[in-house]
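Please read them with the coordinates open.

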Amino acid sequence: MAPYELRPIPAAETRYLRHVVLRPHQRPEELIYPGDDAPDTVHFGLYVGGQQHGVASLYRESRPGSKSATEWRLRGMAVLASNQGRGYGAALLQACIDHAARQGGQRLWCNARTTASGFYKRLGFAVEGAEFELPGIGPHYLMWRPL
């Protein structure tokens with residue numbers, strides 16, 4: 001038995017960790033992302049002992065400048081700081097990779113915080129373009145990987 005449970009969840013169940021881990025300065029309504037309730041969107045929650053420790057959201061969305069219908073976007077991936085380094089982020093990411101691939105996805109992309117770029121590189125992502133600033137959030141890279 002795995003030391004955690006990973007399952008699809010409603011969009012509303014992602015918002016607590018989006019707030020605590022990623023965007024503590026934002027109001028609750030700012031934690032609702034465009035496409036959260038789209039039919040193709042899926043959200044995953046990772047639970048340990050019944051408590052949520054991680055979330056990730058996956059959207060059928062082309063990266064900027066692309067018109068491909070086979071790209072998926074990873075967004076709002078968060079693991080409680082006290083539980084980082086235990087493989088939970090990798091498990092969430094793998095669930096997203098598997099889902100997108102089953103849906104015919106060819107590429108997975110994200111706007112990764114610069115501080116998390118090493119994590120994504122270890123899991124097969126490459127940087128595309130220069131570092132950029134998301135206002136109020138910080139420096140990021142556009143990163144992607146084939147599926």
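This is a predicted model: local features need pLDDT of at least 70, side-chain atom pairs count only at pLDDT 80 or more; totals for chains, interfaces and linings use all residues.

1. Arg18, placement. Arg18 is found in helix H1, which covers residues 15-22. Its relative accessible area is 0%, so Arg18 is buried. Beyond four places in sequence, Arg18 touches Arg23, Leu31, Ile32, Tyr33, Asp36, His43, Ser57, Tyr59 and Gly76. That list is worth checking against the display.

2. Arg18, charge. What is the length of the polar contact that joins the side chains of Arg18 and Asp36? The value is 2.9 Å. In general, side chains of opposite charge can pair when their charged atoms come close.

3. Tyr33 and two arginines. Which charged ends sit over the ring of Tyr33? One belongs to Arg18, at 3.8 Å from the ring centre. Another belongs to Arg75, at 4.0 Å from the centre. Tyr33 is also among the contacts of Arg18.

4. Salt bridges, Arg63. The structure holds 9 salt bridges. Two of the pairs share Arg63. Glu71 meets Arg63 with an N to O distance of 2.1 Å. Glu128 forms a salt bridge with Arg63 too, the closest N and O atoms being 3.3 Å apart. Glu128 lies in strand E6 (residues 126-134), while Arg63 lies in the loop between strand E3 (51-60) and strand E4 (71-79), so this pair ties together parts that are 65 residues apart in sequence.

5. Arg63, burial. Are the residues of the Glu71 and Arg63 pair buried or exposed? Both are buried. Arg63 has 15% relative accessibility; the cut-off for buried is under 20%, so Arg63 qualifies. Glu128, at 30% relative accessibility, counts as partly exposed.

6. Arg27 and Glu30. This pair forms a salt bridge, with the closest N and O atoms 3.7 Å apart. Arg27 is partly exposed, with a relative accessible area of 49%. The limit for exposed is over 50%, so Arg27 stays in the partly exposed class. Glu30 is partly exposed as well, at 31%.

7. Phe119, Tyr120 and Phe125 form one aromatic cluster.

8. Tyr120 has 8% relative accessibility. Phe119 has 22% and counts as partly exposed.

9. Helix H2. H2 runs over residues 88-102 and has 15 residues. From first C-alpha to last, H2 reaches 21 Å, close to the 21 Å expected at 1.5 Å a residue. The buried residues of H2 are Tyr88, Gly89, Ala91, Leu92, Leu93, Ala95, Cys96, Ile97, His99 and Ala100. An α-helix has 3.6 residues a turn, so residues three or four places apart point the same way. Please look at the helix with that in mind.

10. After H2. H2 is followed by Gly104, whose phi is positive, near 85°. Gln106 is in the loop between H2 and strand E5 (107-113). Leaving aside neighbours within four places in sequence, Gln106 is in contact with Thr70, Arg145, Pro146 and Leu147. The C-alpha atoms of Gln106 and Ala11 are separated by 24 Å, and the two residues are 95 residues apart along the chain.

11. Ala126. Ala126 lies in strand E6. Its relative accessible area is 32%, so Ala126 is partly exposed. Which residues does Ala126 touch, not counting those up to four places away in sequence? They are Leu142, Met143 and Trp144. Ala126 and Tyr59 are 19 Å apart, C-alpha to C-alpha, and 67 residues apart in sequence.

How values were computed: Residues are numbered from 1 along each chain as its sequence is written. Side-chain values use heavy atoms; hydrogens and water are left out. Helices (H or I, at least four residues) and strands (E, at least two) are DSSP runs, numbered from the N terminus. Buried means under 20% relative accessible area, exposed over 50%, partly exposed in between (1.4 Å probe, protein chains only). A polar contact is a pair of N or O atoms within 3.5 Å; within protein, one must be able to donate a hydrogen and the other to accept it, and residues adjacent in sequence count only if both atoms are side-chain atoms. Contact means heavy atoms within 4.5 Å. A salt bridge is a side-chain nitrogen of Lys or Arg within 4 Å of a carboxyl oxygen of Asp or Glu. Rings of Phe, Tyr and Trp (its six-membered ring) pair if their centres lie within 6.5 Å; planes under 30 degrees apart count as stacked, over 60 as edge-to-face and the rest as tilted. A charge sits over a ring if NZ of Lys or CZ of Arg is within 6 Å of the ring centre and within 35 degrees of the ring normal. The expected span of a helix is 1.5 Å times one less than its number of residues.
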